[in-house]
Each structure stands twice: as C-alpha cells, then as structure tokens.
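Please look over the chain below before reading on.

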Amino acid sequence: MSSGSPRRTADTAPSDRWRWAQRRGPWLLLAVALVLLVSGLSLTQPMPRADRLLQDSARAALAAPPSNDIVIVAIDEKSLDAIGRWPWRRAQHAELLRAISAQSPKCIGFDVLSAERDASHAGDDAVLADAMRDSGCVVLPTALQILGQRSQQELRPLPVLAEAAAGIGHVHLSVDRDGLARSAYAREGFAESMRPHFVIALRDAAAGAGASAPSAPLPDAEPAAPASDGAQRTWLRRDLEAIMFTRGPARFRTVSYVDVLRGNVDPDAFRNRYVLVGTTAPGLGDAHANSAPNQPGLMPGVEIFANMLQALLAGQHVKFAAPWQNLLFNLGPLLAALFGVLWLRPLGVTALIGAMLALQLGMLGQPSVNVLFAPAAGVAGLLALYPLWSHMRLSAAIRYLRRGTDELLRDVGRRPTSAQRYVVGDFLDRQMDATRAAATRMRDVHRFVRDGIDHLPDPTLTLSTEGRVVLANVAAQRYWQHDASEIHGQDAHGLLADIRSRNNGARMMPKGALLGELRAIAGEGEDSMGRAVLLRCVPFFDAGDEHAGWMVSLVDITKMRRAQSQRDEALRFISHDAREPSATILTIIELARERPETFADGSLLERIERQARTGLELADGFVNLARAEAEPFRAELLDLVALLQQTIDDSWARARRRQVRIVLVKALDEAQCIADRNLLMRALANVLSNALKYSPSGADLECSVQEDERNWRVAFRDHGPGIPVELQSQLFQPFHRLNHEAHPEVHGVGLGLLLVRTVVQRHGGSVEIDSAQGAGCIVTLVLPKPTSVEREALGSHEES
C-alpha cells in the first residue's frame, strides 16, 4: 500500500479566509452602504412627497363607505339665498337646534364659532343657550386666533354658551407642505389647558362623558408656534393622527340648513344619529384641500369632521410612526433581502425583493397595526438593492471570467486573453467570446482525455468521492459484461468485491475502503472467474487540492501468469521429466556393466526400450500441447458425427487388441460446428485413447453425439475404475496420473487430458467429467453450435 496525494492542511486556512473575504467583501460593502443610506433617509425623511403618496394609497385601501349614522346640516348657498348674508342671528340657530333635537339625535356638533356677543340682538345668546340645554347634547368649537407675531388667543365660546354645551373641542386640521389636510391633533391648547378635537368631544358627549373640561398639558406635547418672548403663552399640540377618509361615489347624507328650519326633511332624518352643523358654501372659506380617494379638490371642514368622526367611532386611531419605528420598518425588509442575495438565484432574489416590497406596502394598510409608516426610504433601498448588487456581481463575474479564461488558456497551452482576436460587441461580449473559446478548448482536452481512457486496453473506472462509478471505459464494460448505463452509479465496493489478494486471500476492496483514509490500493489478485488481475486504485484531486474522486484500473495478467506457468512446467519437464528416462537408461547400462548377471534373462533391451519410449512420449506430448496452445486456428465447417466416426475407425485396431468394443450410440445424422480439423481430431483421439487404457477386457466403450439449445455434446463412457470425486480437480494437471499406482500396467505421461481441455477451450467450449470410484467415467466435450452470422462470415472468408 502507498499513500495518496497529501490533503489540504491547516496552513491553507488563511487562503480560505481570503477567498471568503473576496466573495463576501462586495456584499458587506453593499450591505453597510444601503443600511446607512436607509437609516439616514428614515430618520431625516427627505422625501416627504413620496412618503405622503404611499401613505395616501395605504389609507385609500382602508377607506370605508360613508356611514348612515352621520348627517350634515349644511349652511350652503341655498340657505344663504333664503336667509340672507352671513352671519345669522343666534336665535335662528336656536330654532335649528330645536328642530333637530325634536328627532332625538345622539349628539349635535355645532361647528359655528360664537366667541363674541351679538350686540344687535343681546337676548339671542340666552335663547341659543336655552336651546342647547333643551337639546341635551350640543358640542361647540374653539380655535386659535393669531392677532400678530407676538399675540395669540383662544377663540372660546361665550360663557353662557360654554355652560350650556355638552362639550367643547378645537377644530384645527394639520396641513402638510403640499397644502393637503391629512391629519389632526387629538389635543391642542395653551400650557395651562388643552382641549380634545371637536369630533372627540362630540363622541365623548354622546357617550355621556359630560362637558369636556380643559386638561393639563402632557410632557410630549409639541408647540404649534414658539413664543416670541418669555411672557407669551405657547399653543401646544399632542397625538397627531391621520385622517381616514371615506371612499365611494356616495357622500355623507347632507340636508340644507333652510330645509331643516322649514321642516322639509324626513321625520327620522336625525333620529339616533350624529348631526354636524357647519358651513359648506364656498364663499364662507371653510374648505380644505385633502387626500380623499374619491373626492379631489376642496372639502368643507364639516365634511372632513364627518370623515374623522366615522373613523373615530370605528376605532381607527391611525397614528404616524415614531422615528425609531420608521427605522425598524424600513431596515427589516432590506436586511432580509440582503441576506437573500447570498443564497438565492437571480429569479429568487427578484421574487424576494418583490415580496419585501409587497410586505412593506401591505403593512401600511393593515388596520390592526394602527401606525402609518414613512416607507419611501425602505422602498428606495429595496429598489436600489438589485441593480447595485447586479452591477457588483457582473463586475465580479467579468473579472472572474477574465481570470478563469487566462487560467484555462494557460492550462491548454494557449496564449492569454489579451492576445485574443477582436470581437464585435461591448466588453462583456468580448470577454464571453474569449471564455467560450477557452471553454471549447478545454472541452476538446476533456474529450481527448475521455476518449483516451475509453480506448485504454485495460478496464478503467472513474469514481466519485463516495466510490460510485462516474465513467467506465469499453474494456470495463467487457470485463463486467454490462453496458455503461448499467455500470454508472454502481458502488465500486460491490463491483470489485470478488477480487481477492493472491497473497492472503483477503478482499482487496473491502466495504468502506474508499470512504476512509485517502490511500492507494494496489496489488495482485484473482477474481471469481479465476482471472489474475493487477488492481490499482488511487485518489485524484482538483485544482484546489481537494479530493475529487478515485481512479481504478485492472490489468488482466491471466495470459502472462499462464505463460509463466507453462514456462515453469517446461523447465520442470526439461529438468526432471525429460531427463528421467535418459537417466534411467544410463543407470541400467551401468548396472549391466557391473553385474551382468542381473539381466541374464535378456530383459536389458526391453527395459531400455521402455524408458526410451517413455522419453519419446513425453517429448511428443509436450510438443503436441505446445502446438495446441500456439499454432494458428484454421476454422472450417465440420461434421462432429463424421469426425467421431473417423476417430473410432482409427482406434479399431487398438480396441481389438484390448478386446474392447467401441459403440457409437445416440448419434445424430449431422452435427455441424466451426472447428480446426487437426486440433479437434487430436482431442477426440486423446479422449478415446485414454478411455481405452482404462476399459477392462470385454467391456463396451460408448460414444455419442447429442445436442442442447446452444451446444453439441460429444460424450465418451468407459467402464473402468473411475475417478474419486476428491481427485477430479487434479485431472488437468500436467505430468500427473491419478491411477498410476492402482494400474501400473497403464502407460502414459499425464498430458492427454490437458491437451484436450486446451483444444476445447480454443474452440469456445468446455470439458465435463462425470465419474465416481468404481463406476466408470464419462468425459463430455461441450462445443458451441455455430450461428447463422458465423456461418455466413466463414463462407465469405472461404470465397475470398
């Protein structure tokens, strides 16, 4: 056993880290850059228009149809035409409230400021207050009035009206830089007191919470406008919430102010409903640009309050996200997409980015969250991720292609890419063309190596690291008698399991031998068919010195071992068997000289003659065996029945001397085979001669020619002493006779049956022995029948 190539050791770890840094470095750079960019955009929000556009789309997805529980009493143009120029007398407002209250509404929101006394009609304030108390639930507005740069005051309802009101709330809306009203603060007021929004006060009053008293300011309240000096009070605001507009072609039910006074409304128009009274006439100025999905343009403030009241009653308290919430909201999907580009393919990365965008935009419209995020920063980061990553990967791919192309060209002995011919197209086209050319050359080299392995004369296998067959050449297919498709994927441990070492008989490829230590397996063995093979299995490695698989080769040395055996037999024959008769003759002559009386009966010449004949038979047998193994095979179409009959005729004289009758039984009319006449006649004569030697006098020797599906069977049956089963394996050993002690009168040199087996094997057949001690012996020569193709090929060869 010899060790394989050295494996990678710990001192290669720095190169692994450097390779990892090369692969992950661009990703880390991109990740840090995008995280910093999105974080900065999330905290500073430099893209308010994009944020508002996305937020408006999200709110539109949540919008519900107008509720039938809210009714607007509009101070519209029709009412102005009927009643006269605004403002109207408060006694008239009192009459309106009594008309509405007659239908038992839930509560009335009277969105008309009444901060100053009516000097022309002094008694109207008390009349309105009485009407409010009789109604039971009327909410009045309050607002901030800016008198100058240094003066601010709250426009509160008159005390007599404030005492009669069920609640008081501010009526301010928050207008963004683009002039659209999208939000409002839940509480506003000076530092010593803050009031709820008008719709909150209306809801609380309807629920029986009583008049909304001013509340103390909270720590997180923000100033609407900073005071110009220390003495000036500051108007504070808290809890900014998004306005959730309704959608659909229908709008809130609206009736004219003058129609209510005249009784031109349904008797149940206000019953158990919220009623909002406010101005809708364009000339009165209470209109705001808005982001309602189906109502572009200006919307009266009272209608905006109706939208806010419906969302409030439905529990949609949608607040704007804090900076830290926006940061997490925008970074989460970006980080998921950044990690996705490490593992997913381009199509998967695109799908992941799309999913993150859908998730981010979908979360804007989730009513269960009740937070309105600013997604522009996160969307920008996600949209920028794939182009930037693609650019970086494309640049890296181009560098890799260029470097890889140079390495491929150097490996195949060509010039680097700098010397390549010019190709029409951009840089990437030229690089791809150079890489394609290098890959073609490498495929040519691969094809050359594959064809070279395929045409090797010895069985050769290429295995995976687990020992599975990847490539089997033509010689391997012949060796295992399977097609390449049947061998591919098989476990080499099983394919080579029958090869055992000639030294100790152990398996040369035990189970799991290729899964442990990387070491070569080599040596001489013998397979289950008796073939002597040289096995060599070595590991091979890739360009990175990593184990890539195994290479197995088998060299069939059966003929070489047979030749060695024949050489050894020839040496033994020359050194012992061939010299023995001559040495015996010399011994007899020396004995006759020293003691002539020993051979007085005249046996000297007889003994010399017997030894001389033995030497001659040894030489003839050895020469005949060598010729049977080496002389050219002269094929012709022969009749086995005729050949057997001729062999019997040639042996008639010898059989008569031994008083043995040779009988041809079970003979066919004709049994054609392709054979060498001289070789086959010699084999038949040897078998018949051997049977005659051991047949007792007066016995019959039976010969026959029979057939099976594929073969002819030529059998010789004698009635001699037979051969014990345990000795039958020694029949074909040269210069070895089994019955030389029991039957010394039978002469022979032990080469006859060996010659027979050699001849029959050259014809593609085999020899079968059926015998037992004392039961005679049947020797059968099995010869293949010729196919039609073999007949035609032999006929065309003879014609040519």
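This is a predicted model: local features need pLDDT of at least 70, side-chain atom pairs count only at pLDDT 80 or more; totals for chains, interfaces and linings use all residues.

A polar contact is a pair of N or O atoms within 3.5 Å; within protein, one of them must be able to donate a hydrogen and the other to accept it. The side chain of His763 reaches the backbone oxygen of Val759 at 2.8 Å. A polar atom of the His763 side chain also lies 3.0 Å from the backbone nitrogen of Asp676.

Is His763 buried or exposed? His763 counts as buried because its relative accessibility is 9%, and the cut-off for buried is under 20%. Leaving aside residues up to four places away in sequence, His763 touches Phe633, Ile674, Ala675, Asp676, Leu679, Leu680, Leu783 and Pro784.

Now consider the whole chain. The protein chain has 800 residues, and 41% of them count as buried. Its secondary structure comes to 24 helices and 30 strands. Among contacts with a separation of 6 or more, 69% are between residues 24 or more positions apart. The accessible surface of the protein chain is about 42,700 Å², and carbon and sulfur atoms hold 53% of that area.

The next topic is the space inside. Rolling a probe the size of a water molecule over the atoms shows where empty space is left. How many cavities of 30 Å³ or more are there? The count is four.

The largest cavity has a volume of about 170 Å³. Its lining is made up of 15 residues, and those nearest its centre are Val199, Glu241, Ala242, Met308 and Leu312. Four elements, β8 (181-190), α7 (198-206), β11 (235-242) and α9 (301-313), each supply at least two residues of this lining. Sorted by class, the lining of the largest cavity has eleven nonpolar, three polar and one charged residues.

The second largest cavity holds about 50 Å³ of space. Which residues line the second largest cavity? They are Asp56, Arg59, Ala60, Ala63, Ile243, Phe245, Ser291, Ala292 and Pro293. By class, this lining has six nonpolar, one polar and two charged residues.

Terms used. Residues are numbered from 1 along each chain as its sequence is written. Side-chain values use heavy atoms; hydrogens and water are left out. Buried means under 20% relative accessible area, exposed over 50%, partly exposed in between (1.4 Å probe, protein chains only). Contact means heavy atoms within 4.5 Å. Accessible areas come from the Shrake-Rupley method with a 1.4 Å probe; for residues, only the protein chains shown count as cover. On a 1 Å grid over the protein atoms alone, a cavity is a set of points where a 1.4 Å probe fits but cannot get out, and a pocket is an open set with protein on both sides within 12 Å along at least five of seven lines; lining residues have an atom within 4 Å of a point. Grid points are joined across faces, edges and corners, and a volume is the space filled by probe spheres set on the points. Ala, Val, Leu, Ile, Met, Phe, Trp, Tyr, Cys and Pro count as nonpolar, Asp, Glu, Lys and Arg as charged, and the others, Gly among them, as polar.
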